[in-house]
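Here is a friendly note to read alongside the structure. Please keep the picture open and follow the points in order.

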Amino acid sequence: MSTAIAIVVLRDLWSSVILSGIFSLISAGLFVVMDAVDVAFTEAAVGAGVSTVLMLGTLALTDTSEKRSDRFQVLPLLVVLLTGAALIYSTLDMPHYGDPYAPIHLGEPANTYIYKSSNEIGVPNIVTSVLASYRGYDTLGETVVIFTAGIGVLLLLRRSCEMDQEGKTCVNEESHS
Amino acid sequence: MKRHYIVRVISKLLIPCIFLFALYVQFHGDYGPGGGFQAGVIFASGIVLYTLVVGLDRAQQAFHPRIIEILVAIGVLIYGSVGIWCLASGGKFLDYNALADDPVRHPQHGQHLGILLVELGVGITVAAAVVSIFFAFVNRGRS
Amino acid sequence: MPNLGLFNYWVVIVLMMTGFYTVIARGNLIKKLIGLNVFQVSVFMLYISMANVKGGTAPIIFEGAKIYSNPLPHVLILTAIVVGVSTTSLGLALVVRIKEAFGTIEEDDIRRLEEEA
Amino acid sequence: MIADHLLILQVIVPLLAAPLCVVLRHRMLVRLFAVLVGWVVFAIAIMLLTRVLNAGTVDYNLGNWAVPWGIECRLDSLNAFVLLIVSGIAAVVLPFAPHTVKDEVSGDKQYLFFAAFLLCLTGLLGITITWDIFNMFVFLEISSLSACALISMGRSRRALTAAYQYLVMGTIGSTFILIGIGLMYMMTGTLNISDLNDRLQRLIIVNQVPMFVNQTRTVIAAFAFLTVGISIKLALFPLHAWLPNAYTFAPSMVTAFLASTATKVSFYVLLRVIFTVFGVTFAFQSMQLNTWLMPLALVGIYIASTVAIYQNNVKRLLAYSSVAQIGYMVLGLSFVSVTGLTSSIVHLFNHALMKGGLFLAMGCIMLRLGSVQLQDMKGLGRRMPLTMAAFVVGGLNLIGVPMTAGFISKWYLILAALEQGLWLVAVLSLFSSLLAVVYVWRVVEVAYFQEPERPAGGELRRLNEAPVSMLLPTWMILGASLVFGVYTEFPVGVARRAAEMLMGVGS
C-alpha cells in the first residue's frame with residue numbers, strides 16, 4: 001500500500017514506473033495468498049512485465065519528470081472521497097472475507113464449475129475449463145481486445161512505409177493511390 | 001552490446017529456456033496454472049530479451065514485423081475457426097463437444113481438443129501482439 | 001468485532017481511491033496511466049478477495065482437496081487484466097504521439113498550446 | 001442450419017473479418033471486403049428483427065452450456081431494433097469511406113483502419129446481443145479501444161489529445177462498471193441478466209426478513225456505480241467532457257459512425273441495466289432515479305444547446321447538439337412510462353439517422369473544402385448544393401419540424417410529459433427546440449445568404465460537388481429520416497413493443 005501512495009507522491013516518473021511494477025508484483029503475491037494462482041501468474045507477467053517495459057519505453061521517448069503544479073484541486077479530491085465513501089458504504093452488507101456462505105459460493109454456477117467440470121470437461125484446472133469452455137466466448141472477446149490493442153498501436157506508432165526496408169514498394173503504393 | 005560478453009552468453013543460454021518454459025506453460029495449462037495467455041506473454045518476453053541483446057535490426061530480421069502482424073490475426077482466426085468448426089460439426093458456436101468422435105460417450109475428447117486449439121490461438125495472438133507493440137515503440141524511438 | 005472480516009475490502013478501497021485520485025488530479029499523462037493501472041489492479045483485488053473461501057485451495061482439482069476458492073472471479077479477472085494491459089499500451093502509444101506533436105506531456109501545457117492554435 | 005446460428009453470426013462475421021483484413025492487406029480488397037461485411041451484417045440484422053417481431057425472443061447458448069454456466073445471447077424487440085440501427089449505419093457508412101479515408105489515413109495503414117472499424121462494429125454488436133453482464137463489459141472494451149484508435153486518426157494533432165481523453169474517461173467509466181458488476185456478482189453469484197434480475201428481486205424481498213438486515217446496501221452501491229459508469233460512456237450531461245473533442249477531431253467517417261451508434265448502444269445498456277437487471281420497482285421506487293435524471297436531462301439539453309450556438313466549428317456544433325439530444329433520450333426514460341420510453345427509443349433511432357446524415361454531410365464538406373469552420377462555409381449553398389441541402393434536411397430533423405423523423409420523437413416526448421401532467425417539462429422541451437433553430441439557422445444563413453470571400457485579387461477556387469459514393473449514403477440516410485417521418489408505423493411500433501416489454505406490460 002505504501003508503494004501505491006509513493007506512486008502518487010513521487011514526481012520522478014522513472015521511480016513511479018518502477019514502483020508501479022513493484023506494486024503489480026506485490027499484488028501478484030497477494031493473489032497467490034488468496035488462492036488465485038492463475039491470476040497471480042498473469043498479473044506478474046503482464047502488470048509487472050509487459051506494462052513496465054512499455055512504460056519504460058514510453059519514458060525513453062518522452063519526459064522523465066513531472067512538472068510541479070502548485071494549484072491544489074478540490075474537485076478531484078471531492079470526487080474521490082465521494083466514490084470511496086460509496087464503496088465503504090457498500091462493504092457494510094458484504095459477506096465477510098473468506099465466508100464460505102457468501103452467495104457466490106453457494107449454489108450455481110460455482111458448484112457445477114467445481115464439482116462437475118472434471119467430468120464434463122476433463123481438465124483438472126478449473127480456471128482453464130471455465131475460461132476456455134464455459135465462458136469461451138469471453139475469452140474470444142479478450143483475444144480480440146489484445147488484437148485491437150495491437151492494431152491500435154500499429155496505427156498510431158508505425159511510420160508509413162517503414163515496413164519494407166527497401167522502401168520501394170511503399171513509394172509505388174503511395175503514388176498510385 | 002558487442003562487448004558485453006557476459007550478457008550475451010547468459011542471454012543465449014536463457015532465451016531457449018524461456019521459449020521452452022513458454023511452451024510448457026502453453027500446453028500444461030490444463031493441469032497447472034497457466035495457459036495460452038501467460039505462455040504468450042512469456043514467449044514475447046523471450047523475444048524482447050533477444051531484441052535487447054542483438055539489437056532491433058537483427059531481431060526484426062529474425063521476426064519480421066509483417067509476419068508478426070499476420071500472426072496476431074492468425075491467432076484470432078484460429079480461435080474463431082474453432083467456433084465455426086463446432087458450428088459445422090452440428091454444435092453451437094464454441095461447443096467443443098461436437099468436435100469429439102463420439103460426442104455422447106466421450107465429450108471430453110472434444111473438450112480437450114477444443115481447449116488446446118483455443119489456447120493455442122490465444123497464445124499466438126498474445127505473443128505476436130506484445131512483440132509487435134514492443135517493436136512499434138522501439139522503432140518509433142529510433143528515427 | 002463483526003466488521004473485521006471486511007478489513008480486506010477496506011484496504012482495497014483505499015488503494016482504488018489512490019489510483020483514482022492519481023487519474024483525475026494529476027496533469028502528467030503518463031502518471032494518469034499509472035494511476036489507472038493502480039485503480040484497475042485494486043479492482044482486481046476486490047474480485048479475487050470475494051472468491052476466497054476460508055480453508056480452500058486454488059481451484060485446481062487434486063486428491064485430498066475438498067474446498068476450492070471460486071474459479072469464476074479468477075476467470076473474469078484474467079480477462080480484465082488483458083483488457084487493462086491493452087488499454088495501457090494504447091494509452092502509452094497515444095502519449096508518445098502527443099509528445100511528438102506538442103512537445104510536452106503535461107495536460108496544462110497541452111491545453112495552453114491548443115488554445116493558442 | 002445457418003438460420004439457427006444467425007444470432008451469433010451477427011457478431012462473429014465482423015469479428016473474423018477484422019483479422020482477415022490484416023491478412024489481406026491489399027487496399028482495394030480490404031475496402032471491398034469491409035463493404036461486403038457491412039452489408040452482410042445488415043442483412044443478418046434485418047432477418048433477426050423480422051424473426052423477433054414474428055416469433056418473439058431468440059436465444060443462443062454459447063458452447064451449448066445452459067445458463068448460468070455458459071454465456072447466453074438473447075434478442076428481444078429492443079436490442080433487435082438497436083442491432084438494426086448499428087448495422088444499418090455501418091452498412092451505409094462503409095461505402096462512404098474510401099474517399100475520406102484516403103484523405104485522412106496514409107495508404108499503407110488503411111487496412112489497419114478498416115480492421116479497427118470492423119472491430120468497433122463487432123464491439124457494438126456484441127454489447128447489444130449479449131445477455132451476460134460481464135461479456136457486455138468485454139465487448140464494451142473492444143468497441144471503446146478501437147474507437148479510441150479510430151479517433152486518433154484525425155488530421156489535426158488535437159485528435160490525439162481527444163483520443164487520450166476519450167481513453168481515460170472511457171476507462172474510468174468501464175472500471176466503474178466493473179466495480180458495479182463485481183458488487184452485484186458478490187451479492188448474487190451470477191452474471192446472466194435474467195438470473196441477476198431474479199436473484200436481485202429475491203434479495204430485495206428477503207430484505208424484509210430480519211436475518212438479512214439491509215442486505216441491499218451493496219446492491220444500492222452497485223446500482224450507483226453502474227449508472228455512473230454507463231453515464232460516462234453515454235456522455236450524459238455533466239459527464240460529457242470527452243464527447244465534443246472526440247467528435248470534432250475524429251476522421252469524418254468515424255464521427256458519423258460513432259455519433260450515430262456508440263452513444264446509442266450506451267443508452268441501450270443503460271435501459272437494459274435499469275429496466276431488465278434491476279427492475280422498475282427498484283430503480284424508480286427505491287432509488288428514485290427519475291428525480292435525478294429528469295433535471296439533469298433538462299439542464300443538459302439547455303446548456304449543451306446554448307453552447308452549440310456559440311461554436312464556430314460546425315462539427316463541434318453538432319457534437320454539442322448530440323449531447324443535447326442524449327438529454328432528450330434520458331428525459332423520455334425519466335418519465336418511467338410506456339409513452340416516455342417509446343419516445344426515447346424512437347429518438348434513439350431517429351437521432352442515429354439524422355446525426356449520421358449530418359456528419360456524413362460534414363465529411364463531404366471536409367473533403368472538398370478542407371475545413372468545417374463556419375467562416376469558410378460562406379456561400380456554400382451554391383457551391384455544393386446537394387450537400388448543403390442534405391445538411392438542411394438534417395437540421396430540420398434536429399429542430400423537429402413536422403414531416404421529419406425528428407418531429408415524431410419530440411411529439412411522443414411531449415405526449416409522455418403531458419400524460420404525467422408535467423406541463424412545465426413539456427413546455428421546456430418544446431422551447432428547447434428554439435435553441436436548435438438558432439444553431440441550425442446560423443449555419444444555413446452563412447451557407448446560403450452570405451457571399452464567399454474572394455481571396456485578394458484571385459479567383460474563387462472552384463469546388464466540385466462531393467462524389468456520388470459519398471452523396472448517395474448521405475442522402476440515403478437522411479432520406480430514411482424523411483420516410484420514417486411520414487410512415488411512422490415501423491419505428492414507433494417496434495419502439496412501443498420494446499417499451500412495453502421493458503415496463504413489463506403487454507406481451
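1. From its N terminus on, chain A runs α-α-α-α-α-α-α-α, which amounts to 8 helices and 0 strands. Helices here are DSSP runs of H or I with at least four residues, strands are E runs of at least two, and both are numbered from the N terminus.

2. Before going on, please note that this is a predicted model, where local features need pLDDT of at least 70, side-chain atom pairs count only at pLDDT 80 or more, and totals for chains, interfaces and linings use all residues. Residues are numbered from 1 along each chain as its sequence is written, chains are lettered from A and ligands numbered from 1 in the order in which they are written, and side-chain values use heavy atoms, with hydrogens and water left out.

3. How much of chain A is buried? Of its 177 residues, 53% count as buried, meaning under 20% relative accessible area with a 1.4 Å probe, protein chains only.

4. Now look at where chain A meets chain C. Chain A brings 84 residues to the contact and chain C brings 79 residues; contact means heavy atoms within 4.5 Å. The two chains bury about 7,300 Å² between them, with 74% from carbon and sulfur atoms. Buried area is the accessible area (1.4 Å probe) that two parts lose on being put together, summed over both.

5. Which helix of chain A gives the most to the side that touches chain C? Helix 3 does, with 13 residues. That side of chain A has 52 nonpolar, 20 polar and 12 charged residues. In this scheme Ala, Val, Leu, Ile, Met, Phe, Trp, Tyr, Cys and Pro are nonpolar, Asp, Glu, Lys and Arg are charged, and the others, Gly among them, are polar.

6. Between chain A and chain C the rule finds 0 salt bridges, a salt bridge being a side-chain nitrogen of Lys or Arg within 4 Å of a carboxyl oxygen of Asp or Glu.

7. Next, turn to chain D and chain B. Here 19 residues of chain D and 15 residues of chain B take part in the contact, and the buried area is about 1,500 Å², 71% of it on carbon and sulfur atoms. On the chain D side, Leu16(D), Val23(D) and Gly63(D) lose the most area to chain B, together 25% of what that side buries.

8. Helix 1 of chain D supplies the largest share of the side that touches chain B, 9 residues. By class, that side of chain D holds 14 nonpolar, 4 polar and 1 charged residues.

Technical notes. Buried means under 20% relative accessible area, exposed over 50%, partly exposed in between (1.4 Å probe, protein chains only).
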